[in-house]
Amino acid sequence: MIIGIARLEFAIPGARSLKEKRRFLNAFKSSVARAFNVSVAEVDAHDVWQQSVVAVVHVGVTKPVVESLLARIVAWAEDFSGMQLLTSETELIQ
């Protein structure tokens, strides 16, 4: 069993309040969860309007499959409308 974690830090320039930030985040979280069958949660910068840190987690059987999926998620996040990916880190746990 391999656990893959992607930590994604976003700038959300269009958010003018926490409510608007949640709207962008909910759209991202539901889209990525649906498209890739992964778990998604905001893990940091909860009170900052124009920034968010999200963790995406996937459990798989082989390392190459999990690495490939996380790479596709990072690439997909780079193009997500309304949010700018600032940094990304991935980690695999066996």
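How many salt bridges does the count come to in this structure? The model is predicted, and the count comes to one salt bridge.

That salt bridge joins the side chains of Lys21 and Glu42, with 2.9 Å from N to O. A salt bridge here requires a side-chain nitrogen of Lys or Arg within 4 Å of a carboxyl oxygen of Asp or Glu, so a pair at 2.9 Å qualifies. Side chains of opposite charge can pair when their charged atoms come close. Where do Lys21 and Glu42 lie? Lys21 belongs to helix α1, residues 18–36, while Glu42 belongs to strand β2, so the pair ties together parts that are 21 residues apart in sequence. Lys21 is buried, and Glu42 is buried as well.

Strand β2 leads on to the strands. It covers residues 39–44 and pairs with β3 in the antiparallel sense, over five bridges. In this pairing, Val40 stands opposite Val56 of β3. The two strands β2 and β3 form a hairpin, with six residues between them. Ala45 sits in the turn of this hairpin and has a positive phi of about 60 degrees.

Strand β3 also pairs with another strand. Strand β1, residues 2–11, runs alongside β3 in the antiparallel sense, and ten bridges link β1 and β3. Here Glu9 is the residue opposite Val53 in β3.

Is strand β3 mostly covered or mostly uncovered? Strand β3, residues 51–60, is mostly covered, with seven of its ten residues buried.

Notes:
Residues numbered from 1 in each chain as written. Predicted model: local features only at pLDDT ≥ 70, side-chain atom pairs only at ≥ 80, totals over all residues. Heavy atoms only, no water. Buried < 20%, exposed > 50% of the residue type's maximum accessible area, 1.4 Å probe, protein only. Helix = DSSP H or I, 4+ residues; strand = E, 2+ residues; numbered from the N terminus. Pairing = 2+ DSSP bridges.
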